[in-house]
Amino acid sequence: MTLIAPNACDKLDSLVPQQQLEEYASKRDALPLQWSFSVVPGFFKQSAIDTDDGSYDALKDHFGLAKESWNGLIEELRSLNESADDNTQYKLVFCARHGQGHHNKAVEIFGLDAWNDHYSHLGSATLPNGETIVFGPDPFLTSLGEQQAQFMNDAFKREISEFGCPLPSKLFCSPFTRSAQTFSITMNGITISKDGTDAKVLAGKPLSPLVTENLRETIGSHLCDKRSTKSIFQKRLSGWGFQFEDGFSEEDVLYRDDWREPISDQAIRANKFLQFLFSTEEYKDDQIVYNASHAGEIKALLIATGHRQYTVPTAGMIPLLVKATRND
């Protein structure tokens with residue numbers, strides 16, 4: 001059994017109806033956005049239309065690197081930014097999905113249709129064998145999810161130490177527990193450490209991930225997508241250095257029981273995250289960034305950057321070489 005691989009539900013969940021793509025484009029074009037985004041082809045195999053996302057295993061192929069080496073990619077990225085005018089920027093963005101949560105386990109048990117129609121509106125369910133699964137609000141990782149995140153930690157360390165994979169200099173995270181748990185396991189000893197005391201952090205010193213609402217999963221209706229309070233998040237992830245964006249509220253003021261955010265709106269949120277990333281002066285020189293979010297949010301980021309639709313399994317990751325062009 002492969003620890004990290006897409007299943008049938010992942011594939012179905014990654015698909016975006018053409019109508020939603022058109023609605024996103026219409027909503028985007030109506031906003032006074034500073035930047036337009038695209039993915040530079042030829043850097044990663046996931047962006048190539050002939051790469052089969054159902055069978056291609058990027059974890060066995062340098063995360064999908066299409067260049068001869070990571071050093072070559074880094075040099076080309078640096079050259080792109082050095083030769084770019086003031087209206088153009090390039091960044092390598094690692095987009096990571098959280099490991100299996102209890103809600104993912106429930107989807108696999110009950111099926112995507114039953115989940116969307118019924119179980120997603122509940123907080124838990126009892127299985128025929130008597131086991132109770134608690135999957136909302138804001139569920140934790142399962143033991144498998146923790147194993148998957150550790151697998152990714154090992155994969156990153158190996159790719160960095162043996163092949164020169166670059167380290168991110170800025171970190172961002174969804175406000176959900178499952179993403180932050182995945183982040184803390186995956187990046188432990190690489191860019192973050194518990195209480196900041198690990199002298200062996202590959203980044204030289206621990207960085208502080210920024211928690212932002214624009215990386216959260218699809219808003220509304222599904223109880224698993226209602227976040228915990230800020231205080232509970234801080235208690236659960238104490239010592240890992242997480243910081244919060246300005247204005248981050250104590251309560252989840254975005255969640256509603258009677259409404260589910262369409263992917264066109266979520267892609268606008270993803271676009272706003274990218275606007276923030278490329279517009280913040282503090283991040284101008286940060287060419288490599290890492291974020292941990294969700295299947296729906298990665299789908300939204302792919303839409304916002306014009307990347308092809310691509311299935312990312314639980315705990316999987318897709319790298320994007322993003323070009324930002326300033327709008328007139």
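## A mixed sheet and its packed helices

Seven strands build an open sheet here, running in the order S1-S9-S2-S8-S5-S6-S7 with mixed pairing. Strand S1 (35-39) and strand S7 (243-244) stand at the edges with a single partner strand each, so one side of each has no neighbour in the sheet. This is a predicted model: local features need pLDDT of at least 70, side-chain atom pairs count only at pLDDT 80 or more, and totals for chains, interfaces and linings use all residues. Residues are numbered from 1 along each chain as its sequence is written, and side-chain values use heavy atoms, with hydrogens and water left out.

A quick word on terms: helices (H or I, at least four residues) and strands (E, at least two) are DSSP runs numbered from the N terminus, and two strands pair if DSSP finds at least two bridges between them.

**The sheet, strand by strand**

- S1 and S9 run antiparallel and are joined by 5 bridges; Val39 has Val322 as its bridge partner in S9, and Phe37 stands opposite Ala324 in S9.
- Helix H3 packs on the sheet, where H3 touches S2, S8 and S9, and its direction makes about 140° with that of S2 (angles run from 0 to 180 degrees between N-to-C directions, and axes are lines fitted to C-alpha atoms, for helices over the stretch in contact).
- S2 pairs with S9 in the antiparallel sense over 9 bridges; here Tyr90 is partnered by Lys323, and Thr88 stands opposite Thr325.
- S2 also pairs with S8, in the parallel sense over 6 bridges, and Val93 has Val289 as its bridge partner in S8.

**How covered are the strands?**

- S2 is mostly covered, with 10 of its 10 residues buried (buried means under 20% relative accessible area, exposed over 50%, and partly exposed in between, using a 1.4 Å probe and protein chains only).
- Thr88, Tyr90, Leu92, Phe94 and Ala96 point one way from S2, while Gln89, Lys91, Val93, Cys95 and Arg97 point the other way, and all are buried.
- S9 is largely enclosed by the rest of the structure, because 7 of its 10 residues are buried.

**Nonpolar cores**

- The largest nonpolar core has 39 residues, and Phe156, Phe183, Phe242 and Tyr290 have the most contacts inside it (a nonpolar core is a set of buried Ala, Val, Leu, Ile, Met, Phe, Trp, Tyr and Cys residues joined through side-chain atoms within 4.5 Å).
- Helix H3 (70-83), strand S2 (88-97), helix H6 (143-163), strand S5 (170-173), helix H7 (177-186), strand S8 (288-293) and strand S9 (317-326) each supply at least two residues of this core.
- Another core, of 31 residues, lies apart from it and has Phe278, Ile298, Leu302 and Ile303 among its members.
- Phe156 is in contact (heavy atoms within 4.5 Å) with Phe63, Thr186, Met187, Ile190, Tyr290 and Met317, leaving aside neighbours within four places in sequence.

**Helices H6 and H7**

- H6 and H7 pack at an angle of about 40°, with their axes 8 Å apart.
- On the H6 side, Glu146, Ala149, Gln150, Met152, Asn153 and Phe156 meet Thr182, Ile185 and Thr186 in H7.
- The residues of this contact divide into 4 nonpolar, 4 polar and 1 charged (Ala, Val, Leu, Ile, Met, Phe, Trp, Tyr, Cys and Pro count as nonpolar, Asp, Glu, Lys and Arg as charged, and the others, Gly among them, as polar).
- H7 is mostly covered, with 9 of its 10 residues buried; what covers its buried residues includes S2, helix H4 (102-110), H6, S5, helix H8 (230-236) and S8.

- Asp10 sits in helix H1 (residues 8-14) and is buried, with a relative accessible area of 9%.
- Setting aside neighbours within four places in sequence, Asp10 is in contact with Ala5, Arg97, Thr311, Pro313 and Thr314.
- Lys157 lies in helix H6 and is partly exposed, with a relative accessible area of 32%.
- Lys157 touches Asn188, Gly189, Ile190 and Leu202, not counting residues up to four places away in sequence.
- The C-alpha atoms of Lys157 and Ile190 are separated by 7.1 Å, although these residues are 33 residues apart along the chain.
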